[in-house]
Amino acid sequence: MGSETNGKVQEGFEIPEINIKFTQLFIDGHFVDALSGKTFETRDPRTGEVVARVAEGDKADVDLAVKAARKAFDDGPWPRMSGYQRGRIMMKFADLIDQNIEDLAILDTINAGKLFKIGKLIDIPSASQLLRYYAGAADKIHGETLKLSRELQGYTLKEPIGVVGHIIPWNYPTTMFFFKVSPALAAGCTMVVKPAEQSPLSALYYAHLAKEAGIPDGVLNVVTGFGPTAGSAVASHMDIDKVSFTGSTEVGRLVMEAAARSNLKSVSLELGGKSPLIIFDDADVDMAVNLAQFAIFTNKGEVCVAGSRVYVQEGIYDQFVRKASEAAKNWTVGDPFNPNIHQGPQVDKAQFEKVLKYIEIGKQEGATLLTGGKACGDKGYYVEPTIFTDVKDDMRIVQEEIFGPVMSLMKFKTIEEAIEKANSTKYGLAAGIVTKDLNTMNRVSRSIRAGVIWVNCYFAFDIDCPFGGFKMSGFGKDMGLDALDKYLHSKSVVTPIYNSPWC
C-alpha cells in the first residue's frame, strides 16, 4: 500500500516510499486472516489518515496460535536444538533485520510517529544487536552442581519455561518486541506476541523475517488485535506458561489477575513511571538543561522512564528556568520523516487528547505554564513541548503518568528534601541525578527507590544492563542476562550415592 506523498519532496525533505507488505496474523509459520474475518484500521499519526487495515485477532485466533506454539514446544526442534544451533539461526535473523532497516523504520514512523532517522540509526540496529547478544548467550545456559549435606548427588538444570505470551506497547514497537522475543528465543521457548493495536506493522514484518531466518513454524506467532480481546486471551490462556507485559499499571493489574485466575502462570511486568531528575547546585546548568530536555521530550514524551519530574536546587533554579524555557522553544516539532526535527506526533488521537487534557489539568490546579501547552499543526497529533513551574507535589501532573512532552519543574533546598520528593510517587522505574559531588551521587543513588539510576546522563541503556522497576512500576528485568532467567525454569535432580569416599 502506498502513500499519496510517496517519492515527493515536502517542506525540503523527501518522504520515502511506504510499502506495507504484511497485515494478516502470523500463526504456525503462515500469514492468515482472523477467523472472524474482521480487520481494524491503523492510522498514520502524522495526518490521522488510515494507512492499512490489519487482521483483528481475538480469543479464537489466540487459541490457534497457542496450539501452534505448544506443539512447537512439546514436539518441535527449537527447544531440543543445542544453544549453538539456536544462536546461529538468531544471528541470521539479525542479519535479515540489518538488510531491511529502512522498511522497518518506515513502519514504526507511520505507525507510532517515531523519528525516521532515529529508527534507522538506533531502534532497528539495536534490535539486531539484542538478537546477537542473546544468540551468544544461548549456548551458555548452565545449571549447578550441588554440594548436598547427605549421601546424595544433586545438580540443577536450566530449562525453557515453555510457551510465552508477550504483550508489547506502542511507544517503542521494535525495541519492546526484541526486549522480549530475543531472550525467550535463546532460552528455547515458543511464543505468541500481541503487539499494540496502534503499532502492529513492524511486528508482522519481523515474523516474516524470523521464518526466512529458519526459525521453525509455531515458535514465533504474532496475533494483532485489541487488549480486551486478544490481549486478555493471552493473559488468561490455560496453555501459556508465562506472560511478559509492558504497558500501563492499570492493565498490568488486569494481566496479573488473569494469570492468577487461570493457571497461575508466571508474570513479569514493566509498567508506568514518573521518573525524577534531580539537579544539584554544582551542576553545569547548560548541560543540565539539555539533559532535562532530552529526558522528557525524547520520543514526544512517550517513554516509560521519561524524566517528567525535574527537581532543581534553589541556587541555580532561576537560571535553569530561564534557559529551559529558551531550549524548549528551540525544540522543533514536525513530520518525523524530516531529519531536522526533534519531535514527531503523539501515537494516536486518544493519546494526543490525553496529553492536552493533562495540560489543562495542570493549569486548573494552579501550576504556571512556562512554555508550550498547545497542539500544533493543522493535521496530525502534534503537541508543543511543555514546561510547568510553580508545581506542587500533590498535583495530578506530578503524580500521574502523562506519557507526553510535559515537564513539571520544581525547586528544592536540601539533599534530604530531594530524596523525599523523588520517592513521593507510587512508581519506581528510573531516576536521574546531576551533580559533580561523588558523595552526593552515592547517597542519593542509594536512597532513591527505582530500578535504574542514571548519574550525569539519561536514557543510558545498555544491552548488558538489566532494566526494570520497583513498586508499581512492576517487576522482572529486560536486557542483560537477568532477562534470560525470566524464560528459564530451574529443575533439581537428586540421586543417592552409595559407599562414596566423599560426602
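This is a predicted model: local features need pLDDT of at least 70, side-chain atom pairs count only at pLDDT 80 or more; totals for chains, interfaces and linings use all residues.
## Overall form

The secondary structure of the chain comprises 15 helices and 26 strands. Its radius of gyration is 24 Å, close to the 23 Å given by the globule rule for 503 residues, so the chain is as compact as a globular protein of that length. Along the principal axes, the C-alpha atoms fill a box of roughly 75 × 60 × 40 Å.

Contacts in the chain with a separation of 6 or more come, for 73% of them, from residues 24 or more positions apart.

Of the 503 residues, 57% count as buried. The accessible surface comes to about 20,700 Å², and carbon and sulfur atoms account for 51% of that surface.

## Helix α1

Helix α1 runs over residues 59–74, a total of 16 residues. From first C-alpha to last, α1 reaches 22 Å, close to the 22 Å expected at 1.5 Å a residue.

The buried residues of α1 are D61, V62, A65, V66, A68, A69, R70, A72 and F73. An α-helix has 3.6 residues a turn, so residues three or four places apart point the same way. Within α1, the buried set includes D61, A65 and A69 as well as V62, V66 and F73.

What do the buried residues of α1 pack against? Their partners are the strands β3 (25–27), β8 (152–160), β9 (163–167), β10 (190–194) and β11 (220–222), together with helix α7 (227–236).

## T249 in helix α8

T249 lies in helix α8, which covers residues 249–261. Is T249 buried or exposed? Its relative accessibility is 5%, under the 20% cut-off, so T249 counts as buried.

With neighbours within four places in sequence left aside, T249 is in contact with L271, G272, Y427 and M472.

## Y358 in helix α11

Y358 is placed in helix α11, residues 349–364. The relative accessible area of Y358 is 10%, and therefore this residue is buried.

Which residues does Y358 contact, apart from neighbours within four places in sequence? They are R396, I397, E400, E401 and I402.

Technical notes
Residues are numbered from 1 along each chain as its sequence is written. Side-chain values use heavy atoms; hydrogens and water are left out. Helices (H or I, at least four residues) and strands (E, at least two) are DSSP runs, numbered from the N terminus. The expected span of a helix is 1.5 Å times one less than its number of residues. Buried means under 20% relative accessible area, exposed over 50%, partly exposed in between (1.4 Å probe, protein chains only). Contact means heavy atoms within 4.5 Å. The radius of gyration is taken over C-alpha atoms; the globule rule is 2.2 Å times the number of residues to the power 0.38. Accessible areas come from the Shrake-Rupley method with a 1.4 Å probe; for residues, only the protein chains shown count as cover.
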